[in-house]
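Hello,

Please find below the structure that I am handing over to you. My notes on it follow.

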Amino acid sequence: MIKIPLDKIIERIKNEKGVSEAEINEKIEKKLTQLSGLISKEGAAHIIANEYGVKLFENVQGKMKIENILSGMRSVETVGKVQRVFELREFDTGQRKGKVANFIIGDETGTIRIVLWNDQAEKINELSEGAIVRISGAYVRENQGRKELHLNERSKITLNPEGESIGEVKQFTTTRKDIKELQENDSNVEILGTVVQVYDLRFFEICPECNKRARLKDENTFACDQHGTVTPKYSYVLNFFIDDGTENIRSVCFRNQADRLLNLSEEEVLTLRENPEKLQQIKDGLLGNIVKLVGRVTKNQMFDRLEFMTQLVFPNPNPEEEVKRLNEEIQEIKNEV
Ligand SMILES: [Zn+2]
């Protein structure tokens, strides 16, 4: 199923039908009340778009700009300029051996990670920063809240395709906000606050090949949607509250970011599964720390509250940089006055 973010649906209706955002939101709220508990806000927005006659899935054929690539899409074609190339990695899970490589491309609308598997992975050696590539027949997977384009045997990658050029690549930029200003669907926002409460580190099973969640099939057997029965590895998520004096928010850090926050390696974190005392010590040590988080804001429907999905954590934000930012903000206010 293709996932279109709520703000994108609203934008489409607004642009195509010329109705105000307030009017669209009102209709969505009404639909939610009507079907109370049966659908999500996105689901309600889909119905409203349909009622307005806006086709959300039209024009998914052909070349797409990166910002329009959505989770769940298959057979995606896009063109971008290579931003970063990572090293080829080989894996051996005992059951399967393979290779995986990834790189990042960008266009005028954003950037996205491209993941190459097995024979395709060798192509990473032909890529260099600044080269233009065309990707076709790729599918979109979501990894820790970020979209990735994966290539399989039928997908194509073309280096320096004829007649294609890319303007200035839109880089990742963040906006600093107070926690009380945060709104559902805010993305690339930065918050700075004190860790005031830490919950347990939760461990869960993942596929050793693609790192996606592995589901319990039957007693003691785990399966991945793509790779079938697997012997799972473990991943983890850390939940905590941070407070910046204006409000507090529950924040979520997945594996890599949890490692950064705890200042531990993956192996060290995994040993905490069997060491609750050490875990308690580490959790206590986090309390009172000042951290900077970059990420996006989601609504937890079940508890009707906002949560911060961390994409990048800075466990020791540089005080000089923060003072500089504060000075710049004061300067801006002075200029406005
Ligand atoms: Zn898998």
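Buried here means under 20% relative accessible area, exposed over 50% and partly exposed in between, with a 1.4 Å probe and protein chains only. This is a predicted model, in which local features need pLDDT of at least 70 and side-chain atom pairs count only at pLDDT 80 or more, while totals for chains, interfaces and linings use all residues. Residues are numbered from 1 along each chain as its sequence is written, and side-chain values use heavy atoms, with hydrogens and water left out.

K292 first. With a relative accessibility of 6%, K292 counts as buried. K292 lies in strand β16, residues 290–300; helices (H or I, at least four residues) and strands (E, at least two) are DSSP runs, numbered from the N terminus. If neighbours within four places in sequence are left aside, K292 is in contact (heavy atoms within 4.5 Å) with R176, E190, I191, L192, L312, V313, F314, P317, E321 and E322.

Next, helix α4. Helix α4 (residues 255–262) is largely enclosed by the rest of the structure, because six of its eight residues are buried. Those buried residues are R255, Q257, A258, D259, L261 and L262.

Now the domains. An automatic or database domain assignment supplies the bounds: domain 1 covers 6–52, domain 2 covers 63–159 and domain 3 covers 175–336. The centres of domain 2 and domain 3, taken over C-alpha atoms, are 25 Å apart. Domain 2 and domain 3 each give 13 residues to the contact.

Between them, domain 2 and domain 3 bury about 1,300 Å², with 40% of it on carbon and sulfur atoms. Buried area is the accessible area (1.4 Å probe) that two parts lose on being put together, summed over both.

One salt bridge is found across this interface, the term being a side-chain nitrogen of Lys or Arg within 4 Å of a carboxyl oxygen of Asp or Glu. A salt bridge joins the side chains of R96 and E209, at 2.7 Å from N to O.

On the side of domain 2 that touches domain 3, β6 (132–143) and β7 (146–151) each supply at least two residues. The largest share of that side, four residues, is from β6. By type, that side has three nonpolar, five polar and five charged residues. Ala, Val, Leu, Ile, Met, Phe, Trp, Tyr, Cys and Pro count as nonpolar, Asp, Glu, Lys and Arg as charged, and the others, Gly among them, as polar.

Regards
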